[in-house]
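The sequence and structure are shown first.

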Amino acid sequence: MKFMKLGSKPDSFQTDGDNIRYVATELATDLVVNIGDVKFYLHKFPLLSKSARLQKLVATSSDENSDEIHIQDIPGGPAAFEICAKFCYGMTVTLNAYNVVAARCAAEYLEMYETVEKGNLIYKIDVFLNLSIFRSWKDSIIVLQTTKSLLPWSEEIKVVSHCLDSIASKASIDTSKVEWSYTYNRKKLPSENGNSPQWNGVRKPQMVPKDWWVEDLCELHIDLYKRVITTIKTKSRVSGDVIGEALNAYALRRLPGFSKGTVQNNDFIKYRSLVETIVRLLPTERGTVSCSFLLRLLRAAILLDCGEMERNELMRRIGQQLPEATVTDLLIRAPAGEATIYDVDIVHNLVEEFVTHSSQIDPTDNEFQKSRSPKFGPDACKVLVAKLIDGYLAEIARDPNLHLSKFVYLAEIVASFSRPSHDGLYRAIDMYLKEHPGISKSERKRICRLMDCRKLSAEACMHAVQNERLPLRVVVQVLFFEQVRATASAGNSTPDLPGSIRALLPGGSHGSSRSTTTNTEEDWDSVPTAEDIKALKGELVTLRLGSSGTDRNGNDAAKSDAEKIAANRMKGLVMSKIFSKLWSSKERHGEISSSDTSESPGSVNAEETKSTPSRSRRHSLS
């Protein structure tokens, strides 16, 4: 820390209690200066020779009280006045970053100008500030912190503006010109202390990161911090991602619980103002702030009831960067009094913001190409968001109070986003059915329509056909498409199926006749019985084993063409056997009308078509 000593005489100021200060000399004092509750017993000559204001105060005092004056509003109070008084006596005074601004403001108040006496206090302090303090990174930050309690004086004498410019200039210089001694919040590296096992006695220059200064500025109050960041921005030499990192570091330091996605609201107004200020300081460039940081800010803004403008800005920015988010980031707690655990409406709005933003993107936009890596093209972003929402749905599905409509509406927003697999969506649907066993058949049918059985992996299909929570129609669809995959490579056709079973498949092009009873429709929407599941398990294992193309050692099985054809035919027979068992089980229980067995392949079930008007469209999406 820089310091300056003024004067050469020994310090002879004495105290008598807490409120009396006097100079211990043989010459009797002839002036009493009252600074607040403290009395200073001093001499007129040394003070009046350097302070124009004291000259005026003594001259205007009444004759009977000409030796006593009152000063109530001097900046810095008694401590700052004492520094000025010691300077007038020529006593030793040490100035440093902690007291120099108070002394400078007090000297300004007392009018200790060069016109009163050459080499006066204001001149000497200004030289110290310009040649020492403002050239030091550490001291500039300390001085700026002290100016807050000395407003408006520190602003009027331009100490604040000089500090801001000094700090911003140092933060904006090329990192090759920065020494680590600039910072004081960073722990030294082992090689800097000479403790590294690889250290050979030759000190190598350390690589200085671009954000070397962000931790030091976290010491500033939000009002001063805002002005520093604004000044740094105006110099246009610091990239937006470094500004974003600085704001993130400040939020972590100043907002208790921010790293955990919560905020302690014991000082509601203070923290709300802090969050709103950080939002306004966010760099305008896309991709300069992480989506995780933006979502934590949104949580804080909701908890602290920040202004609508700030929340809308966060929603807009998060919507643009939603592909970068994680499921954990989206798990925002619902407001107090809500029945659900998480705020699903917020996530719904974020996805809508993403959809709106995606529709406005021009793929040839140079700015967009610069702000996004190739993996984050428009189509890739949609796939990432779809997977993100699938994972989010699986988490919120555990909430027993989550209404089906909120689950479905959120899933439907991303239904048009092409993604290669629906395993994540199947997992979410299965979790919802598990946690909400009491939903009706129609609700169970509604939620299962969100899923495209053709996009389930082999593992997901294996789980689905044994899942007692799924409607029977879904199990049949999964079995059918599994068979289609198994036979497609060999060019075999799917075995002929009963008409009513074909009606359960997407599109219903070979559905049952219009005379199919309502009871039959409801039976297919019901969950499989234990007997159905038991019958399917053994046959499914046979199908899986038959489709395996590797031996025990993991090598490709050397099959002849005749053997492959025979294996594919066997798989077709096994699948037919599975459907036959389901069909015969329904007939034994009298659940299928006679008209179902004599329907024409070209007829369409009117009720099925009416109840699923969008199924063909949904499953046709790639």
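## Salt bridges and a packed helix

K148 has a relative accessible area of 36% and is therefore partly exposed (buried means under 20% relative accessible area, exposed over 50%, partly exposed in between; 1.4 Å probe, protein chains only). The model is predicted: local features need pLDDT of at least 70 and side-chain atom pairs pLDDT 80 or more, while totals for chains, interfaces and linings use all residues. Residues are numbered from 1 along each chain as its sequence is written, and side-chain values use heavy atoms, without hydrogens and water.

The structure holds 23 salt bridges (a side-chain nitrogen of Lys or Arg within 4 Å of a carboxyl oxygen of Asp or Glu). The table gives three of them, including that of K148.

| Pair | Closest N to O |
|---|---|
| K148 and D223 | 3.5 Å |
| R21 and E82 | 3.7 Å |

R21 lies in strand β3 (residues 20-23) and E82 in helix α3, 61 residues apart; helices (H or I, at least four residues) and strands (E, at least two) are DSSP runs, numbered from the N terminus. E82 is buried, at 17% relative accessible area. D223 is partly exposed at 43%, as is R227 at 32%.

In helix α5 (residues 121-131), the buried residues are L121, I122, I125, F128 and L129. They fall within an arc of 130° seen down the axis of α5, so they line one face of the helix; the arc is that of the directions from the helix axis to the C-beta atoms. These buried residues pack against β1 (3-6), α3 (77-89), β7 (93-96), α4 (100-109) and α8 (159-172), contact meaning heavy atoms within 4.5 Å.
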